[in-house]
Amino acid sequence: MNEQSLAEQRMRREQDQDLYTRSDPPPQQHAEERTESTLATVLIFRDERKQEVQNYAVVGQTLWIFEPRGTKKIPLSQLDIPETAKANDERGVDFRVPAAAESQ
């Protein structure tokens, strides 16, 4: 290789390095998205008790609550599902129970 081709290669590497250095940082998450993901889901029981949960799943006729100190299961029959859905809608939280689970 001659001096000119080495200089060209060095220049290309510097240009590539500049491209990586100048690339835009990853987009910041919007405050609204962060707030929405931290909003708790409120569960309203038939006896009018309320409970806020962060992490849950509905499997069959059971709502499973996952907490750092353990897992709890609640039969869907103990929940007032229409009121739970309404309360969460008002808070801007999506709460859905599969139709098969709701009708059984």
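What percentage of the 104 residues of the chain count as buried? The share is 20%. The model is predicted.

## Overall make-up

The chain holds 4 helices and 5 strands. Along the sequence they follow the pattern α-α-β-β-β-β-β-α-α.

## The open sheet

An open sheet is built from 3 strands, ordered β3-β4-β5, with antiparallel pairing. Its edge strands are β3 (56-59) and β5 (70-75), and each pairs on one side only. On average, neighbouring strands of this sheet are turned by 20° against each other, direction ignored.

Strand β4 covers residues 62-67. The antiparallel pairing of β4 with β5 runs over 6 bridges. Within this part of the chain, Trp64 has Lys73 in β5 as its bridge partner.

## Asn88

Asn88 sits in helix α3, which spans residues 81-91. Is Asn88 buried or exposed? Asn88 counts as buried because its relative accessibility is 0%, and the cut-off for buried is under 20%.

The side chain of Asn88 reaches a backbone oxygen, that of Thr84, at 2.7 Å. Setting aside neighbours within four places in sequence, Asn88 is in contact with Ala40, Thr41, Val42, Val93 and Phe95.

Notes. Residues are numbered from 1 along each chain as its sequence is written. This is a predicted model: local features need pLDDT of at least 70, side-chain atom pairs count only at pLDDT 80 or more; totals for chains, interfaces and linings use all residues. Side-chain values use heavy atoms; hydrogens and water are left out. Helices (H or I, at least four residues) and strands (E, at least two) are DSSP runs, numbered from the N terminus. Buried means under 20% relative accessible area, exposed over 50%, partly exposed in between (1.4 Å probe, protein chains only). A polar contact is a pair of N or O atoms within 3.5 Å; within protein, one must be able to donate a hydrogen and the other to accept it, and residues adjacent in sequence count only if both atoms are side-chain atoms. Contact means heavy atoms within 4.5 Å. Two strands pair if DSSP finds at least two bridges between them. Axes are lines fitted to C-alpha atoms, for helices over the stretch in contact, and angles run from 0 to 180 degrees between N-to-C directions.
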